Structures are given as C-alpha cells and as structure tokens.
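Take a moment with the sequence and the 3D structure before reading on. Then follow the chain piece by piece.

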Amino acid sequence: MTHQKLTLPSPAKLNLFLHINGRLENGYHELQSLFHFIDYGDTMTFETNASGKITLSCNIKALETDDNLVLKAANLLVNLTLNKVEKGVHITLNKRLPMGGGVGGGSSNAATTMLALNSLWDLGHSTADLEALGNTLGADVPIFIRGKSSIAEGTGDKMCTYNVHNAWYLVLTPNAHVNTKELFSHPELPRNTPKLDNNTLNYSGITTDLKNDFQSLVVKKYPIIAKALQWLLEYAPSRMTGTGACVFAEFATEQQAQKVFQQLPEELSGFVAKGCNISPTHQVLFG
Ligand SMILES: C[C@@](CO)(OP(=O)(O)O)[C@H](O)COP(=O)(O)OP(=O)(O)OC[C@H]1O[C@@H](n2ccc(N)nc2=O)[C@H](O)[C@@H]1O
Ligand SMILES: Nc1ncnc2c1ncn2[C@@H]1O[C@H](COP(=O)(O)OP(=O)(O)O)[C@@H](O)[C@H]1O
C-alpha cells in the first residue's frame, strides 16, 4: 500500500436558529435547525501506512484517548473493510475549537476522518452511507459529512440544503461546559415550537421570529454565557449556537466584525469567521 498524506480543515458549525418541536417516542427531542459552516476550526492530518493500526496525536493530550470521536470514526470504517490488516493511519489533530461549546468540534472531527479515510483508502462509500454511519456517533456528524448548509429536522438526520446570505460572524467562547443531557431534561425547556415549512422559510439574519429554544434557559443557568451574549447584543443581533456555550453576532462585512472584536474586554475571548455554504472540508476535498 502506498503511503499518502492529506491535511484537511475540520470546521465549526453555527446553529443560526434551533427550535424544539416536540419529543419523540424514544425520549429524544425533535429539532428544526439551520446549520451553517464557518471558515474557522481544527486542522487534521492523515498519514496512511500498512501497520494495521490507527493512532492519534493531538495538541490537547487529554483528547488522546480511545473515546475520541476521531478514533471511533476511523474504527467504524476499518471494521467495514475486508483487508483490515493493511489499513493503518496516523492522525494528527490540531484543536482550536472549544469543547462542548455548541460549535460541533468533535462531530466535525469525526466527519472529517470518515471523509478523509474514504478517499485515502479508496473505500467508495456513498455520502448517504457515511451519513448513516456517522449518525451512530452523534447527531451532528451527518451534517458535517454532507458539507452543505442545511435545515436539519428530526434529531438531525433529515436534511434539506439551505443557502445562507454572505455574512461574517464574531463568535464568543465563554469558558463554560453546558451539560446537554441535563438541559434536554429540564422542565422549563420549551418543547413545542411549531415546525416551519422548509420550502417557505426565509432566514434573513438574526431576527426574533426564529430563535434558539435553549437560549433563555442556558442564559439563566450560566451567568458567564449571559454576560458574553449581553456584551455582543450592544453591537449587533446575536444568538447562542447549539446548547451553548458559544454565542455569535452577525455582520455584513469582515471589517465590521473585526471592529467589534477589537473592543472585546480581556475577560472575554472569541474569533471572527466567515460563513460558508459549503464546508471548508468539502472545499478542499472536492474543489
Ligand atoms: C442540540 C444540538 C444541536 O446541534 O446541540 P450541540 O451538541 O450542538 O450543542 C445537537 O443536536 C445535540 O446532539 P448530540 O450532540 O448528539 O447530543 P448528545 O450530547 O449526544 O445528547 C445528550 C443527551 O441529550 C438528549 N437529546 C439529545 C439530542 C436530541 N435531539 N434529543 C435529546 O433529548 C438525550 O438525552 C441525549 O442522551
Ligand atoms: N475529537 C474531539 N474533539 C472534541 N471533543 C471530543 C472529541 N472526541 C470526543 N470528544 C468529547 O465530546 C465532548 C463534546 O464535544 P464537542 O463536539 O466539542 O461539543 P459540541 O457538540 O457542544 O460543540 C467533549 O467534551 C469531549 O469530551
């Protein structure tokens, strides 16, 4: 087997809106959410070899464990192949994204791994097959595999492509780890936002008709997130992504976003990024 090396971006997502429409029979919640990619994230390098081993090194040593979604994703693919003994790869993960921040870093890393290995090992799995496989690792993995901004429904498994207008985002990364499971089971969580028709839905920016149904509760429970959101709201329409902790404001130009970023007080941190309708991973892999 030839040794190959591939470096790919593993970007973040923003939930431009996130509605909870109800509860499914299995206790999971039915969601409707607009997933958009940004040109900021982690970087991953894949170096194939014939050792039959999958190894991972990461700039955050605590992530070098078997629980890492990168290793789980690679193992899922290897277990589907016949000549496992030959399939070796060393993966280097350079982590920039906050963990448990609602920007989907772990899911993105898993999806990037599946896309990279499918290509490097010439496995020939269709995107639909990879999405189904990715869904077993996490609800947000399929959207990163598809790589197109989409309105997701169900638990994230039903996707409808949706192109968002060009925009720049200032994303703040409060140092809080929101407990997703606890949040989903909270009695005060709104669970009955009516489902919107994807065909007539018009996302024109952060307005009050579309919202993040987790936001009020999270802001109440986590003062550090409330503070970051309050600061952003002084400058532009702003919202929380996923179940938090990250919050973002939308701007028409990079200059406008950078101007606000320059004024960020020392106790807050964040970054400026451009919205992308095609994920940066797909831009590199498929042109
Ligand atoms: C709500 C989103 C939007 O992107 O949040 P973020 O993770 O990005 O913040 C995701 O869909 C989150 O999905 P996922 O990341 O797979 O959730 P997990 O942490 O695995 O779920 C933890 C727990 O939350 C509950 N859960 C999760 C997803 C869902 N649609 N309904 C649920 O009720 C379940 O009890 C589950 O055991
Ligand atoms: N490759 C990975 N990158 C980040 N977190 C990972 C990864 N693999 C497993 N995890 C675990 O998943 C948890 C949440 O991951 P992450 O995707 O960053 O959250 P979110 O979906 O809220 O953005 C982390 O706290 C970490 O323990």
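What follows moves from the whole chain to its strands, its domains and its ligands.

This is a predicted model, in which local features need pLDDT of at least 70 and side-chain atom pairs count only at pLDDT 80 or more, while totals for chains, interfaces and linings use all residues. Residues are numbered from 1 along each chain as its sequence is written, and chains are lettered from A and ligands numbered from 1 in the order in which they are written.

Start with the whole chain. The chain has nine helices and 10 strands. Both are DSSP runs, numbered from the N terminus: helices are H or I with at least four residues, and strands are E with at least two. The radius of gyration of the chain is 19 Å, close to the 19 Å that the globule rule gives for 287 residues, so the chain is as compact as a globular protein of that length. That radius is taken over C-alpha atoms, and the rule is 2.2 Å times the number of residues to the power 0.38. The C-alpha trace spans about 55 × 45 × 35 Å along its principal axes.

How much of the chain counts as buried? Of the 287 residues, 39% do. A residue is buried if 20 or more other C-beta atoms lie within 10 Å of its own, exposed if 12 or fewer, and partly exposed in between, with C-beta atoms placed from the backbone. Now look at contacts. Two residues are in contact if their C-beta atoms, placed from the backbone, lie within 7 Å. Among contacts with a separation of 6 or more, 72% join residues 24 or more positions apart.

Next, find strand S2 (29-49). Several strands pair with S2, and pairing requires that DSSP finds at least two bridges between two strands. S1 and S2 run antiparallel, with 16 bridges. Pro-9 stands opposite Thr-43 in S2. The hairpin of S1 and S2 has five residues between the strands, and Gly-27 there takes a positive phi near 95 degrees.

S2 has other partners. S2 and S4 pair in the antiparallel sense over seven bridges, and Met-44 stands opposite Leu-93 in S4. Five bridges join S2 to strand S5 (residues 150-154), again antiparallel. Here Gln-32 has Glu-153 as its bridge partner, and Leu-31 has Gly-154. S2 also pairs with strand S10 (residues 270-276), antiparallel over two bridges. Ile-38 stands opposite Gly-275 in that pair.

From S5, step to strand S6 (residues 158-161), which pairs with S5 in the antiparallel sense over four bridges. Ile-151 stands opposite Cys-160 in S6. S5 and S6 form a hairpin with three residues between them, and Gly-156 in the turn has a positive phi of about 115 degrees.

Now step back to the domains. The chain is divided into domain 1 (5-162) and domain 2 (168-276). These bounds come from an automatic or database domain assignment. The domain centres, taken over C-alpha atoms, are 23 Å apart. The contact takes 26 residues from domain 1 and 33 residues from domain 2. On the domain 1 side, strand S1 (5-23) and S2 each supply at least two residues. S1 gives the most, with 10 residues. By class, this side of domain 1 has 13 nonpolar, 11 polar and two charged residues. Ala, Val, Leu, Ile, Met, Phe, Trp, Tyr, Cys and Pro count as nonpolar, Asp, Glu, Lys and Arg as charged, and the others, Gly among them, as polar.

Where does ligand 1 lie? Both domain 1 and domain 2 give residues to the shell around ligand 1, so it lies between them. The ligand is surrounded by 16 residues, and the closest are His-29, Ala-139, Phe-184, Gly-242 and Thr-243. A residue is near a molecule if its C-beta atom, placed from the backbone, lies within 6 Å of it. S2 and helix H5 (180-184) each supply at least two residues of this shell. H5 gives the most, with three. The shell divides into four nonpolar, 10 polar and two charged residues.

Ligand 2 also has 16 residues around it, the closest being Leu-69, Met-99, Gly-105, Gly-106 and Asn-109. Helix H1 (69-78) and helix H2 (105-120) each supply at least two residues of this shell. H2 gives the most, with four. The classes here are five nonpolar, 10 polar and one charged.

End at H1. Its buried residues are Leu-69, Val-70, Leu-71, Ala-73, Ala-74 and Leu-77. These pack against strand S3 (54-58), strand S4 (88-94) and H2.
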